[in-house]
Amino acid sequence: MLEHIELFFKSIFIDNMVFAVFLGMCSYLAVSKKVATAVGLGAAVIFVLAVTVPLNWLLDQYLLRDGALVWLGPEYADYNLSFLSFILFIATIATMVQLVEIVVEKFSPSLYNSLGIFLPLIAVNCAILGGSLFMQARDIQTLGLALNYGVSSGIGWFLAILAIAAIREKIRYSNVPAPLRGLGITFIITGLMGIGFQSFGGMLTGGDEAPAPVEKTTAEKENNKKEIKEEIDSKEVSYNDAINK
């Protein structure tokens, strides 16, 4: 349970897709002018990551990695299909994005029109593919952890685009210098938010406990006493020789 909690908070705050590795910046900057639009795209990203990361984990575990095909028989134990990772991961992501696009168009045409081209572009959003590739690189052990990582990574991206959208709505009424209006001030705010999120780096790293003192044996104590006595005697001899001279 502790492993799930740690991965959840680490993926949202410490390894945030936007502020830690700057993935998905194109849609982050383009669809963050209004909070309502940002919420819609953020929810879509959470759904796509929550579905594609576990599915790609299954593909990686039982099809792609070295020796993954051993369940088909011992003769397949030496097969390694990891070179197909990008193709299959993107195919899974594209399928889920098409499903999201159909659902949004059916139940929320206004949101579908607001998102425009950026909804189908989730399929090539580097944050979505990055979630699956980071899952593979982290060597996540269970399907539950993969689901946790997909959901928490999506929530982290959702919080990032929601925060910048809220700021951009308010800053519209501020006296921003003309050269910085638009994307200029947005980049500056994003950089400051990234610096702020770095402060979460120590949130899950507790201090190391001091090692317990090792109890010395009786023989070691006697040897230490003998060494100290010999050292004191040698210093006294040197001191007496210096006085006599």
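I began with a rule: a disulfide is a pair of cysteine sulfur atoms within 2.5 Å. In general terms, a disulfide is a covalent bond between the sulfur atoms of two cysteines.

**Ground rules**

I noted that this is a predicted model, where local features need pLDDT of at least 70, side-chain atom pairs count only at pLDDT 80 or more, and totals for chains, interfaces and linings use all residues. Residues are numbered from 1 along each chain as its sequence is written, and side-chain values use heavy atoms, with hydrogens and water left out.

**Entry 1: the cysteines**

I counted disulfides by the rule above and got zero.

Next I looked up accessibility, where buried means under 20% relative accessible area, exposed over 50%, and partly exposed in between (1.4 Å probe, protein chains only). Cys26 is exposed at 52%, whereas Cys126 is partly exposed at 36%.

**Entry 2: the overall plan**

I listed the secondary structure from DSSP runs, numbered from the N terminus (helices are H or I of at least four residues, strands are E of at least two). The protein has nine helices and zero strands, so from the N terminus the elements run α-α-α-α-α-α-α-α-α. Of its 245 residues, 34% are buried.

For contacts I used heavy atoms within 4.5 Å. Taking contacts between residues at least 6 apart in sequence, 75% join residues at least 24 apart.

**Entry 3: the core**

A nonpolar core is a set of buried Ala, Val, Leu, Ile, Met, Phe, Trp, Tyr and Cys residues joined through side-chain atoms within 4.5 Å. How many residues does the largest one have? I found 48, and those with the most contacts inside it are Tyr28, Leu119, Ile122 and Trp157. The elements giving two or more residues to this core include helix H2 (25–30), helix H3 (35–64), helix H4 (85–107) and helix H7 (143–171). H3 gives the most, with nine residues. As background, in soluble globular proteins nonpolar side chains tend to be buried together.

Leaving aside neighbours within four places in sequence, Trp157 is in contact with residues including Met17, Leu23, Tyr28, Leu41, Val45 and Ala127.

**Entry 4: helix pairs**

Axes here are lines fitted to C-alpha atoms, for helices over the stretch in contact, and angles run from 0 to 180 degrees between N-to-C directions. Angles under 35 degrees count as roughly parallel, over 145 as roughly antiparallel, 65 to 115 as roughly perpendicular and the rest as oblique.

Helix H1 (residues 2–14) packs on H7 at about 30°, with the axes 7 Å apart. That makes H1 roughly parallel to H7. Among the residues making the contact are Leu7, Phe8 and Ile12 of H1 and Leu145, Tyr149 and Leu159 of H7.

H3 and H7 pack at about 165°, their axes 8 Å apart. These two helices are therefore roughly antiparallel.

H3 and H4 have axes that come within 9 Å and cross at roughly 145°. The contact between them includes Phe47, Val51 and Asn56 of H3, and Leu88, Phe89 and Thr92 of H4.

**Entry 5: a closer look at Asn56**

Is Asn56 buried or exposed? Asn56, found in helix H3, is buried, with a relative accessible area of 0%. Leaving aside neighbours within four places in sequence, Asn56 is in contact with Leu88, Phe89, Thr92, Ile93, Ser132 and Met135. Asn56 and Leu88 are 32 residues apart along the chain, yet their C-alpha atoms are separated by 8.0 Å.

**Entry 6: two phi angles**

Most residues other than glycine have a negative phi, and most peptide bonds are trans. I came across Phe22, which has a positive phi of about 55° although it is not a glycine. Where is Phe22? I found it in the loop between H1 and H2, partly exposed at 45% relative accessible area.

Asp139 has a positive phi of about 55° and is not a glycine either. Asp139 lies in the loop between H6 and H7 and counts as partly exposed at 35% relative accessibility.
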